[in-house]
Amino acid sequence: MTFEVISETACFGGVQGYYKHTSETLGCEMRFSVFSPRQSREGRVPVLWYLSGLTCTEDNATVKAGFQRAANELGLMVICPDTSPRGDDVPDDDGYDFGKGAGFYVDATEAPWAKNFRMYSYVTEELPALVADKFPADMAAQGITGHSMGGHGALTIFLKNRDRYKSVSAFAPIVSPMNCPWGEKALTGYIGADRAAWADYDACALMEQHGAADTEILIDQGLADNFLEGQLKPELFEAACQKAGQKLTLRKHAGYDHSYFFISTFIEDHLRHHAAQLS
């Protein structure tokens, strides 16, 4: 496995870095960013994974979310992977909501996607192994969060790996891809037409299947989000949590949309939510 430092820059007392490596899981070169707080110079620190949404890369949250000041204060390492495999040899689709930039954090089983689109395994196995080897990360103290498609990724990955992730949150997540146009398109393309197989990547179905987790789930949702009713449907996850007895804080905010203006407003709350549980 090749690993290369693209850049490392001082930021609020810590270091904001960009890196790239050759991914065996995805069969291409991948980039990711890591914010290392000042505390990481003295030892291993808790890790927060941030999964981005449709059309995004590792750069969106790193530049726009504004998490570095609070992450440095709290001693959190924040890692932002890309959202899909990249490269000329990777298959793509003309739509913004499928193919490159839209990996949906699943392991595809359908051709031609199965060869490269294995973002679930990449985010849960290969990239954490690389981070553990190259950075002072405390892999016994990992949390996960994300936005939109990345919120879907954060919730589903947490619910299937509760022994690994100690905290979880999401911004405007796709809570039930089985029941929205974005999800139906992605899951059909990547997984196939058998809807029973989709349940493994649906937060509502996973909550029903696995029951409540010990930790509280935090979700923020803007009420001026133009995807709220058609794609996100947070009420479905709220109902699933109530049925399972899962502790959920679902905060709804008038005037906020789906953008990074929304995320940057509440990102510090999420970092503090994770730091409290990871420390």
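A: In this predicted model, E1 and strand E2 (residues 14–23) are paired antiparallel through eight bridges. Within that pairing, phenylalanine 3 has histidine 21 of E2 as its bridge partner. The loop between E1 and E2 contains phenylalanine 12, whose phi is near 55 degrees, a positive value in a residue other than glycine. Most residues other than glycine have a negative phi. Phenylalanine 12 has 43% relative accessibility, so it counts as partly exposed.

E1 and E2 belong to an open sheet of nine strands, in the order E1-E2-E3-E5-E4-E6-E7-E8-E9, with mixed pairing. Its edges are strand E1 (3–11) and strand E9 (248–253), each of which pairs on one side only. From one strand to the next, the twist averages 20 degrees.

In the order of the sheet, E4 stands between E5 and E6. E4 runs parallel to E6, and six bridges join the two; here tryptophan 49 is opposite isoleucine 144 in E6. E4 also runs parallel to strand E5 (residues 77–81), to which three bridges join it, and valine 47 is opposite methionine 77 in E5. E4 is largely enclosed by the rest of the structure, because seven of its seven residues are buried, where buried means under 20% relative accessible area.

The loop between E5 and helix H3 (119–134) holds proline 112. Alanine 111 and proline 112 are joined by a cis peptide bond, with omega about 0 degrees. Most peptide bonds are trans.

Helix H4 (residues 149–160) packs on the sheet and touches strand E4 (45–51), strand E6 (137–146), strand E7 (165–171) and strand E8 (217–222). The direction of H4 makes about 155 degrees with that of E7. In the loop between E6 and H4 is serine 148, which has a positive phi of about 60 degrees although it is not a glycine. Serine 148 has a relative accessible area of 3%, so it is buried; phenylalanine 12, by contrast, is partly exposed.

There is also a pocket to describe. The largest one has a volume of about 210 Å³. Its lining consists of 14 residues, and those nearest its centre are Leu54, Thr55, Cys56, His147 and His258. Sorted by class, the lining comprises six nonpolar, seven polar and one charged residues.

Notes:
Residues numbered from 1 in each chain as written. Predicted model: local features only at pLDDT ≥ 70, side-chain atom pairs only at ≥ 80, totals over all residues. Heavy atoms only, no water. Pairing = 2+ DSSP bridges. Helix = DSSP H or I, 4+ residues; strand = E, 2+ residues; numbered from the N terminus. Axes fitted to C-alpha atoms, helices over the stretch in contact; angles between N-to-C directions. Contact = heavy atoms within 4.5 Å. 1 Å grid on protein atoms, 1.4 Å probe; cavity = no way out; pocket = protein on both sides within 12 Å on 5 of 7 lines; lining within 4 Å. Points joined across faces, edges and corners; volume = space filled by probe spheres on them. Nonpolar A, V, L, I, M, F, W, Y, C, P; charged D, E, K, R; others polar. Buried < 20%, exposed > 50% of the residue type's maximum accessible area, 1.4 Å probe, protein only.
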